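Please look over the structure below before reading on.

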Amino acid sequence: MVIAIALFVVVMALILFVVDRRRNPSKWFIAGGFVGPALLLLVAGLLYPAARTIVNSFQNRNGSEFIGFDNYIRAFSEPAFLLVLGNTALWVLVAPLLATFIGLVYAVVVDHSRFEKFAKALVFLPMAISMVGASIIWRFVYEFKPASVEQTGLLNQLVVWLGGEPVQFLLERPANTFLLMVVLIWIQTGLSMTLLSASIRAIPTDIVEAARLDGLSGFGMFWRITIPSIRPALVVVLTTIAMTTLKVFDIVRTMTAGRYGTSVVANEFYEQSFRQNNAGLGAALAVLLFVIVIPVIIYNVRQMRLAEEVR
(Lines give C-alpha, C1' and ligand atoms only; values in the text may rest on other atoms or scores of the structure.)
Protein backbone atom coordinates (compact mmCIF):
# COMPACT_ATOMS: atom_id res chain seq x y z
CA MET A 1 0.00 0.00 0.00
CA VAL A 2 2.84 2.38 0.86
CA ILE A 3 4.52 1.63 -2.48
CA ALA A 4 1.26 2.22 -4.36
CA ILE A 5 0.73 5.57 -2.59
CA ALA A 6 4.34 6.57 -3.30
CA LEU A 7 3.96 5.70 -6.99
CA PHE A 8 0.75 7.73 -7.17
CA VAL A 9 2.50 10.74 -5.62
CA VAL A 10 5.45 10.42 -8.02
CA VAL A 11 3.20 10.13 -11.09
CA MET A 12 1.05 13.11 -10.02
CA ALA A 13 4.19 15.17 -9.31
CA LEU A 14 5.56 14.39 -12.79
CA ILE A 15 2.24 15.29 -14.42
CA LEU A 16 2.02 18.59 -12.55
CA PHE A 17 5.67 19.35 -13.33
CA VAL A 18 5.22 18.74 -17.08
CA VAL A 19 1.89 20.57 -17.32
CA ASP A 20 3.12 23.54 -15.28
CA ARG A 21 6.29 24.08 -17.31
CA ARG A 22 4.44 25.89 -20.08
CA ARG A 23 3.37 29.41 -19.31
CA ASN A 24 0.05 29.42 -21.14
CA PRO A 25 -0.73 25.77 -21.85
CA SER A 26 -3.73 24.96 -24.00
CA LYS A 27 -6.70 23.04 -22.63
CA TRP A 28 -5.79 20.08 -24.85
CA PHE A 29 -2.27 19.99 -23.44
CA ILE A 30 -3.57 20.00 -19.85
CA ALA A 31 -6.17 17.36 -20.65
CA GLY A 32 -3.54 15.23 -22.38
CA GLY A 33 -1.22 15.55 -19.41
CA PHE A 34 -3.78 14.21 -16.97
CA VAL A 35 -5.58 11.73 -19.23
CA GLY A 36 -2.46 10.44 -21.04
CA PRO A 37 -1.10 8.22 -18.21
CA ALA A 38 -4.54 6.73 -17.63
CA LEU A 39 -4.87 5.92 -21.35
CA LEU A 40 -1.42 4.31 -21.37
CA LEU A 41 -2.37 2.14 -18.40
CA LEU A 42 -5.65 1.26 -20.12
CA VAL A 43 -3.80 0.15 -23.24
CA ALA A 44 -1.24 -1.83 -21.23
CA GLY A 45 -3.72 -3.41 -18.84
CA LEU A 46 -6.80 -3.91 -21.02
CA LEU A 47 -6.39 -3.42 -24.77
CA TYR A 48 -3.10 -5.31 -25.19
CA PRO A 49 -4.27 -8.37 -23.15
CA ALA A 50 -7.54 -8.39 -25.12
CA ALA A 51 -5.70 -8.33 -28.44
CA ARG A 52 -3.29 -10.99 -27.24
CA THR A 53 -6.19 -13.22 -26.15
CA ILE A 54 -7.81 -12.92 -29.58
CA VAL A 55 -4.51 -13.91 -31.25
CA ASN A 56 -4.07 -16.87 -28.86
CA SER A 57 -7.57 -18.12 -29.67
CA PHE A 58 -6.37 -18.95 -33.21
CA GLN A 59 -3.35 -20.93 -31.98
CA ASN A 60 -2.83 -24.41 -30.56
CA ARG A 61 -2.65 -25.29 -26.88
CA ASN A 62 0.90 -23.96 -26.35
CA GLY A 63 0.78 -21.09 -28.86
CA SER A 64 3.36 -22.60 -31.21
CA GLU A 65 1.14 -23.08 -34.25
CA PHE A 66 -1.65 -21.18 -36.01
CA ILE A 67 -4.72 -23.43 -36.33
CA GLY A 68 -7.38 -20.99 -37.52
CA PHE A 69 -10.92 -21.47 -36.20
CA ASP A 70 -10.30 -24.99 -34.84
CA ASN A 71 -10.73 -23.88 -31.22
CA TYR A 72 -14.05 -22.18 -32.01
CA ILE A 73 -15.26 -25.17 -34.02
CA ARG A 74 -14.41 -27.42 -31.10
CA ALA A 75 -16.25 -25.13 -28.68
CA PHE A 76 -19.42 -25.32 -30.81
CA SER A 77 -19.25 -28.98 -31.80
CA GLU A 78 -18.08 -31.14 -28.88
CA PRO A 79 -20.90 -32.29 -26.54
CA ALA A 80 -18.96 -31.27 -23.41
CA PHE A 81 -18.64 -27.65 -24.58
CA LEU A 82 -22.19 -27.55 -25.92
CA LEU A 83 -23.31 -28.49 -22.41
CA VAL A 84 -21.23 -25.60 -21.03
CA LEU A 85 -22.82 -23.16 -23.49
CA GLY A 86 -26.26 -24.55 -22.66
CA ASN A 87 -25.67 -24.11 -18.93
CA THR A 88 -24.54 -20.52 -19.49
CA ALA A 89 -27.66 -19.77 -21.54
CA LEU A 90 -29.80 -21.32 -18.81
CA TRP A 91 -28.15 -19.12 -16.18
CA VAL A 92 -28.74 -15.99 -18.28
CA LEU A 93 -32.38 -16.83 -18.94
CA VAL A 94 -33.44 -17.96 -15.46
CA ALA A 95 -31.35 -16.19 -12.79
CA PRO A 96 -31.90 -12.54 -13.86
CA LEU A 97 -35.65 -13.08 -14.38
CA LEU A 98 -36.17 -14.70 -10.98
CA ALA A 99 -33.94 -12.22 -9.10
CA THR A 100 -35.71 -9.25 -10.72
CA PHE A 101 -39.19 -10.71 -10.22
CA ILE A 102 -38.61 -11.55 -6.54
CA GLY A 103 -37.01 -8.15 -5.91
CA LEU A 104 -39.91 -6.34 -7.60
CA VAL A 105 -42.59 -8.25 -5.71
CA TYR A 106 -40.75 -7.75 -2.42
CA ALA A 107 -40.33 -4.01 -3.08
CA VAL A 108 -44.05 -3.61 -3.76
CA VAL A 109 -45.14 -5.74 -0.78
CA VAL A 110 -42.97 -4.08 1.88
CA ASP A 111 -43.33 -0.53 0.52
CA HIS A 112 -44.77 1.75 3.24
CA SER A 113 -45.17 -1.20 5.63
CA ARG A 114 -44.49 -0.86 9.35
CA PHE A 115 -41.20 -2.81 9.17
CA GLU A 116 -40.13 -1.55 5.74
CA LYS A 117 -36.55 -0.58 6.66
CA PHE A 118 -35.88 -3.81 8.54
CA ALA A 119 -37.43 -5.95 5.80
CA LYS A 120 -35.39 -4.27 3.07
CA ALA A 121 -32.19 -4.46 5.09
CA LEU A 122 -32.77 -8.17 5.63
CA VAL A 123 -32.97 -8.85 1.89
CA PHE A 124 -30.09 -6.51 1.06
CA LEU A 125 -27.70 -8.14 3.56
CA PRO A 126 -26.55 -10.95 1.19
CA MET A 127 -25.16 -8.23 -1.11
CA ALA A 128 -22.48 -7.64 1.52
CA ILE A 129 -21.29 -11.27 1.25
CA SER A 130 -18.77 -12.25 -1.39
CA MET A 131 -19.72 -14.82 -4.02
CA VAL A 132 -17.28 -17.30 -2.49
CA GLY A 133 -18.63 -16.72 1.03
CA ALA A 134 -22.22 -17.16 -0.16
CA SER A 135 -21.25 -20.32 -2.04
CA ILE A 136 -19.71 -21.83 1.09
CA ILE A 137 -22.86 -21.00 3.07
CA TRP A 138 -25.09 -22.69 0.50
CA ARG A 139 -22.73 -25.65 0.13
CA PHE A 140 -23.41 -26.34 3.80
CA VAL A 141 -27.15 -26.00 3.10
CA TYR A 142 -26.90 -28.70 0.39
CA GLU A 143 -24.43 -30.86 2.35
CA PHE A 144 -25.05 -34.60 2.08
CA LYS A 145 -24.23 -37.33 4.58
CA PRO A 146 -25.45 -40.96 4.73
CA ALA A 147 -28.70 -41.61 6.57
CA SER A 148 -26.80 -43.39 9.38
CA VAL A 149 -24.85 -40.19 10.16
CA GLU A 150 -26.19 -37.01 11.72
CA GLN A 151 -26.91 -34.49 8.97
CA THR A 152 -25.07 -31.16 8.88
CA GLY A 153 -26.80 -29.87 5.74
CA LEU A 154 -29.91 -27.83 6.49
CA LEU A 155 -31.87 -29.10 3.50
CA ASN A 156 -31.11 -32.77 4.13
CA GLN A 157 -31.93 -32.35 7.81
CA LEU A 158 -35.38 -31.09 6.81
CA VAL A 159 -35.74 -34.08 4.47
CA VAL A 160 -34.85 -36.47 7.32
CA TRP A 161 -37.28 -34.77 9.71
CA LEU A 162 -40.02 -35.27 7.11
CA GLY A 163 -39.20 -38.99 6.96
CA GLY A 164 -37.22 -39.03 3.72
CA GLU A 165 -33.71 -40.20 2.82
CA PRO A 166 -30.80 -37.74 2.42
CA VAL A 167 -30.32 -36.54 -1.14
CA GLN A 168 -27.10 -35.60 -2.95
CA PHE A 169 -28.55 -32.40 -4.34
CA LEU A 170 -25.51 -31.26 -6.34
CA LEU A 171 -24.98 -34.51 -8.25
CA GLU A 172 -28.12 -34.72 -10.37
CA ARG A 173 -28.37 -32.52 -13.47
CA PRO A 174 -30.06 -30.32 -14.50
CA ALA A 175 -31.45 -29.78 -10.98
CA ASN A 176 -27.95 -29.04 -9.63
CA THR A 177 -27.57 -26.10 -12.03
CA PHE A 178 -30.81 -24.56 -10.74
CA LEU A 179 -29.64 -25.11 -7.16
CA LEU A 180 -26.45 -23.20 -7.94
CA MET A 181 -28.54 -20.38 -9.41
CA VAL A 182 -30.26 -20.02 -6.04
CA VAL A 183 -27.02 -18.58 -4.62
CA LEU A 184 -26.84 -15.81 -7.25
CA ILE A 185 -30.56 -15.08 -6.95
CA TRP A 186 -30.19 -14.86 -3.15
CA ILE A 187 -27.44 -12.26 -3.58
CA GLN A 188 -28.86 -10.24 -6.48
CA THR A 189 -32.43 -9.98 -5.16
CA GLY A 190 -31.24 -7.25 -2.77
CA LEU A 191 -29.87 -5.19 -5.66
CA SER A 192 -33.08 -5.66 -7.63
CA MET A 193 -35.26 -4.74 -4.66
CA THR A 194 -33.26 -1.58 -3.86
CA LEU A 195 -33.21 -0.17 -7.40
CA LEU A 196 -36.81 -1.01 -8.17
CA SER A 197 -38.04 0.31 -4.83
CA ALA A 198 -36.38 3.65 -5.59
CA SER A 199 -38.00 3.68 -9.05
CA ILE A 200 -41.43 2.94 -7.60
CA ARG A 201 -41.09 5.81 -5.15
CA ALA A 202 -40.09 8.10 -8.05
CA ILE A 203 -43.42 7.54 -9.86
CA PRO A 204 -45.19 10.94 -9.95
CA THR A 205 -48.02 11.16 -7.42
CA ASP A 206 -50.37 12.78 -9.94
CA ILE A 207 -50.23 9.64 -12.12
CA VAL A 208 -51.03 7.44 -9.12
CA GLU A 209 -53.88 9.69 -7.97
CA ALA A 210 -55.36 9.85 -11.48
CA ALA A 211 -55.25 6.05 -11.71
CA ARG A 212 -57.03 5.72 -8.37
CA LEU A 213 -59.71 8.15 -9.52
CA ASP A 214 -60.22 5.90 -12.54
CA GLY A 215 -60.87 3.00 -10.19
CA LEU A 216 -57.52 1.21 -10.36
CA SER A 217 -56.21 -0.54 -7.26
CA GLY A 218 -54.28 -3.61 -6.22
CA PHE A 219 -53.03 -5.72 -9.12
CA GLY A 220 -54.55 -3.33 -11.69
CA MET A 221 -52.48 -0.46 -10.28
CA PHE A 222 -49.38 -2.66 -10.25
CA TRP A 223 -49.81 -3.93 -13.83
CA ARG A 224 -51.06 -0.78 -15.57
CA ILE A 225 -49.20 1.97 -13.67
CA THR A 226 -46.23 0.61 -11.72
CA ILE A 227 -44.77 -1.71 -14.37
CA PRO A 228 -44.94 0.78 -17.31
CA SER A 229 -43.57 3.60 -15.13
CA ILE A 230 -40.50 1.65 -13.99
CA ARG A 231 -39.87 -0.22 -17.26
CA PRO A 232 -36.46 1.46 -17.93
CA ALA A 233 -35.31 0.56 -14.41
CA LEU A 234 -36.57 -3.01 -14.85
CA VAL A 235 -34.53 -3.41 -18.04
CA VAL A 236 -31.42 -1.97 -16.38
CA VAL A 237 -31.75 -4.36 -13.44
CA LEU A 238 -32.31 -7.34 -15.76
CA THR A 239 -29.32 -6.55 -17.97
CA THR A 240 -27.06 -5.76 -15.00
CA ILE A 241 -27.82 -9.10 -13.36
CA ALA A 242 -27.49 -10.81 -16.76
CA MET A 243 -23.96 -9.42 -17.12
CA THR A 244 -23.10 -10.73 -13.67
CA THR A 245 -24.59 -14.09 -14.61
CA LEU A 246 -22.57 -14.34 -17.84
CA LYS A 247 -19.37 -13.93 -15.85
CA VAL A 248 -20.38 -16.23 -13.00
CA PHE A 249 -17.37 -18.23 -11.87
CA ASP A 250 -17.03 -18.13 -8.09
CA ILE A 251 -20.26 -20.00 -7.35
CA VAL A 252 -19.64 -22.85 -9.77
CA ARG A 253 -15.96 -23.16 -8.86
CA THR A 254 -16.58 -23.16 -5.11
CA MET A 255 -19.57 -25.51 -5.01
CA THR A 256 -18.92 -28.11 -7.74
CA ALA A 257 -15.72 -27.04 -9.58
CA GLY A 258 -17.75 -27.50 -12.76
CA ARG A 259 -18.32 -31.21 -12.16
CA TYR A 260 -21.61 -33.11 -12.54
CA GLY A 261 -22.57 -31.13 -15.66
CA THR A 262 -22.61 -27.70 -13.97
CA SER A 263 -19.73 -25.93 -15.72
CA VAL A 264 -20.27 -22.56 -17.42
CA VAL A 265 -18.15 -20.60 -19.90
CA ALA A 266 -16.19 -18.63 -17.29
CA ASN A 267 -15.35 -21.77 -15.31
CA GLU A 268 -14.44 -23.71 -18.46
CA PHE A 269 -12.14 -20.88 -19.54
CA TYR A 270 -10.29 -21.23 -16.24
CA GLU A 271 -10.28 -25.02 -16.47
CA GLN A 272 -8.83 -25.10 -19.98
CA SER A 273 -6.32 -22.29 -19.46
CA PHE A 274 -4.90 -23.16 -16.05
CA ARG A 275 -5.80 -26.79 -15.33
CA GLN A 276 -5.64 -28.42 -18.77
CA ASN A 277 -2.90 -26.04 -20.03
CA ASN A 278 -4.81 -25.50 -23.27
CA ALA A 279 -4.18 -21.80 -23.78
CA GLY A 280 -5.70 -21.71 -27.27
CA LEU A 281 -9.07 -23.20 -26.32
CA GLY A 282 -9.15 -21.17 -23.10
CA ALA A 283 -8.56 -17.98 -25.08
CA ALA A 284 -11.32 -18.93 -27.54
CA LEU A 285 -13.79 -19.38 -24.66
CA ALA A 286 -12.72 -16.03 -23.22
CA VAL A 287 -13.33 -14.34 -26.59
CA LEU A 288 -16.76 -15.99 -26.84
CA LEU A 289 -17.65 -14.69 -23.39
CA PHE A 290 -16.43 -11.22 -24.37
CA VAL A 291 -18.51 -11.24 -27.58
CA ILE A 292 -21.62 -12.34 -25.67
CA VAL A 293 -21.23 -9.66 -22.99
CA ILE A 294 -20.69 -6.70 -25.37
CA PRO A 295 -24.29 -6.46 -26.73
CA VAL A 296 -25.68 -6.74 -23.21
CA ILE A 297 -23.42 -3.90 -22.03
CA ILE A 298 -24.43 -1.66 -24.96
CA TYR A 299 -28.12 -2.32 -24.34
CA ASN A 300 -27.65 -1.72 -20.61
CA VAL A 301 -25.97 1.66 -21.22
CA ARG A 302 -28.78 2.75 -23.55
CA GLN A 303 -31.44 1.79 -21.04
CA MET A 304 -29.60 3.61 -18.24
CA ARG A 305 -29.57 6.77 -20.36
CA LEU A 306 -33.27 6.31 -21.07
CA ALA A 307 -33.95 5.91 -17.34
CA GLU A 308 -32.04 9.13 -16.62
CA GLU A 309 -34.06 10.98 -19.29
CA VAL A 310 -37.31 9.75 -17.73
CA ARG A 311 -36.18 11.08 -14.35
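The model is a predicted one, and the values below were computed from it. Two packed helices are described by the angle between their axes and the distance between the axes, and the first group of points gives both for one such pair.

**Helices α4 and α13**
- Helix α4, which spans residues 79–110, and helix α13, which spans residues 265–275, have axes that come within 8 Å of each other and cross at roughly 145 degrees.
- On the α4 side the contact is made by F81, V84, L85 and T88, while α13 contributes V265, E268 and Q272.

**The largest pocket**
- The largest pocket holds about 470 Å³ of space, and of the 16 residues lining this pocket, D111, I200, V208, R212 and T226 are the closest to its centre.
- Two or more lining residues come from each of the elements α8 (175–201), α9 (205–213) and α10 (219–229).
- The lining of the largest pocket is made up of seven nonpolar, five polar and four charged residues.

**Residue V287**
- V287 is part of helix α14, residues 279–310, and counts as buried because its relative accessibility is 12%, where buried means under 20%.
- Apart from neighbours within four places in sequence, V287 is in contact with T53, I54, S57 and Y72.
- Although V287 and I54 are 233 residues apart in sequence, their C-alpha atoms are 6.4 Å apart in space.

How values were computed:
Residues are numbered from 1 along each chain as its sequence is written. This is a predicted model: local features need pLDDT of at least 70, side-chain atom pairs count only at pLDDT 80 or more; totals for chains, interfaces and linings use all residues. Side-chain values use heavy atoms; hydrogens and water are left out. Axes are lines fitted to C-alpha atoms, for helices over the stretch in contact, and angles run from 0 to 180 degrees between N-to-C directions. Helices (H or I, at least four residues) and strands (E, at least two) are DSSP runs, numbered from the N terminus. Contact means heavy atoms within 4.5 Å. On a 1 Å grid over the protein atoms alone, a cavity is a set of points where a 1.4 Å probe fits but cannot get out, and a pocket is an open set with protein on both sides within 12 Å along at least five of seven lines; lining residues have an atom within 4 Å of a point. Grid points are joined across faces, edges and corners, and a volume is the space filled by probe spheres set on the points. Ala, Val, Leu, Ile, Met, Phe, Trp, Tyr, Cys and Pro count as nonpolar, Asp, Glu, Lys and Arg as charged, and the others, Gly among them, as polar. Buried means under 20% relative accessible area, exposed over 50%, partly exposed in between (1.4 Å probe, protein chains only).
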